[in-house]
Every structure is written in structure tokens, then in C-alpha cells.
Amino acid sequence: MRIAVVGTHGSGKTTLIDDFIDGHRGYAHMQEPYWELAQRGVTFADGPSLDDLAEQLEQSVGMILAAQGEADIVFDRCPLDFIAYLEVLGEKEGSDWTPSGKLLGGIEKALATLDLIAFLPLSAPDEIATTIEYPRLRRAVDLRLKAIIREDALGLLADGLAVLEIRGSRTERVTLLDRAISGHQGALGADGEFQ
């Protein structure tokens with residue numbers, strides 16, 4: 001199964017992926033686009049910027065498309081993450097960010113190769129106990145992701161891409177993801193809960 005783990009920063013994505021991979025050694029793991037770019041020597045602004053996030057979005061699309069042959073793979077983030085960040089930051093900076101036609105086509109192709117979006121929304125009280133950078137941005141991106149995913153605000157999920165909202169303890173989170181890949185995905189309701 002091709003899985004993308006999605007959520008604002010500090011939502012537990014990497015922890016979930018690490019826990020999942022520990023129990024599923026046959027799965028490949030693609031790290032966050034930020035780290036892929038940093039390892040290639042790309043330098044980023046001090047703090048979130050539209051240019052950096054746009055570059056990460058393009059990298060995310062490229063990574064997902066380049067790994068089309070991998071049947072069992074987990075991606076740390078996907079284009080939906082970066083779209084949410086770009087929209088929130090664009091609004092804050094007074095600009096309306098929208099992807100170009102070519103980029104939008106790439107986003108659609110990349111999403112079409114995925115089998116499951118594992119979405120980690122923030123909850124109250126916050127399940128992450130440590131202090132997270134840019135807390136206002138974190139909350140705003142979480143709200144935007146909830147609209148993008150729950151309401152398909154961008155019309156990118158209409159082709160039946162399964163979405164699973166994951167909450168709870170570390171053990172509960174990985175158990176939900178385990179159930180999704182163990183043939184239960186057909187029993188996934190529109191609310192992200194198993195029926």
C-alpha cells in the first residue's frame with residue numbers, strides 16, 4: 001500500500017512512520033521533502049517562506065512520482081501538506097497562492113498514485129507534549145488541512161483516495177494504520193473511522 005502521512009508540523013507524523021516501519025520492514029520510507037532537499041545542499045530561509053514551501057511542494061510531487069514502482073511505501077508528507085502551508089502563508093502575506101496548471105497536473109498525478117492518506121489532525125488537548133515552533137502557523141495549517149481533507153476543499157480527493165484520520169496514543173495510532181493496511185481499508189467510512 002502507498003501511504004502518505006499528512007499533518008501540520010509537530011503532529012506526530014515522523015513518530016508514527018518510525019513506529020509503523022518498525023513493525024513493517026517490507027515498507028520503504030521516503031523522508032520529508034525538506035530533508036531530501038537539505039541533503040542535496042539546498043539552503044532555506046530562516047523560518048517558513050513561500051519560495052521554500054513551493055520548492056518542497058515540487059519536491060514532494062517528484063518524490064511520489066519517482067517512486068511509482070514501489071508498492072509498499074510510506075511518504076512523510078505529500079502535496080496536500082505544502083498546499084495548506086502555502087495557502088496559509090500566502091494569506092498572511094497578502095497574496096493568493098495557487099498552483100500553476102503544470103504543477104496542479106503533477107499534484108493530481110502524484111495523489112492518484114497513493115492508496116491512503118493517513119491524516120494526523122491536532123486535537124484538544126494537544127497529544128504532543130513538547131513545545132512546537134510557530135504555534136500559530138501550526139494551528140492555522142491544521143485548520144486548512146482539515147478543510148482540504150474533510151471537505152475536499154480543493155477537489156483533489158474526488159477520485160476515491162482513502163483517507164484515515166489518526167488520533168490517540170502512539171500505540172493507538174500505529175494500530176489504526178496497521179488495520180488500514182490489513183485489508184480493512186474497504187471498511188473505512190467517510191469520517192475516517194472503521195465501520
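Student: At what angle do H3 and H4 pack, and how far apart are their axes?
Tutor: In this predicted model, the angle is about 165° and the axes lie 9 Å apart. Angles over 145 degrees count as roughly antiparallel, so H3 and H4 are roughly antiparallel to each other.

Student: Is that crossing left-handed or right-handed?
Tutor: The H3 and H4 crossing is left-handed. On the H3 side the contact is made by Leu50, Leu53, Ala54, Gln56, Leu57, Ser60, Val61 and Ile64. H4 contributes Pro79, Phe82, Ile83, Tyr85, Leu86, Leu89 and Gly90.

Student: How many of those are nonpolar, polar or charged?
Tutor: The contact of H3 with H4 has 12 nonpolar and 3 polar residues, and no charged ones.

Student: Staying with H3, which residues are buried?
Tutor: Among them are Asp52, Gln59 and Met63, along with Leu50 and Leu53. The buried residues of H3 pack against strands S1, S2 and S3 and helices H2, H4 and H5.

Student: What span should H3 have for its 17 residues?
Tutor: At 1.5 Å a residue, H3 (residues 50-66) should span 24 Å, and its end C-alpha atoms are 24 Å apart, which agrees.

Student: Switching to H4 and H6, what's the angle there?
Tutor: H4 (residues 79-92) and H6 (residues 135-150) pack at about 120°, with axes 9 Å apart. The two are therefore oblique to each other. Their crossing is right-handed.

Student: Which residues make the contact?
Tutor: From H4, they include Leu80, Asp81, Ile83 and Glu87; from H6, they include Leu137, Val141, Arg144 and Ile148. By class, the contact of H4 with H6 has 12 nonpolar, no polar and 3 charged residues.

Terms used:
Residues numbered from 1 in each chain as written. Predicted model: local features only at pLDDT ≥ 70, side-chain atom pairs only at ≥ 80, totals over all residues. Heavy atoms only, no water. Axes fitted to C-alpha atoms, helices over the stretch in contact; angles between N-to-C directions. Helix = DSSP H or I, 4+ residues; strand = E, 2+ residues; numbered from the N terminus. Parallel < 35°, antiparallel > 145°, perpendicular 65-115°, else oblique. Left-handed = near helix turned anticlockwise from the far one by under 90°. Contact = heavy atoms within 4.5 Å. Nonpolar A, V, L, I, M, F, W, Y, C, P; charged D, E, K, R; others polar. Expected span 1.5 Å × (residues − 1). Buried < 20%, exposed > 50% of the residue type's maximum accessible area, 1.4 Å probe, protein only.
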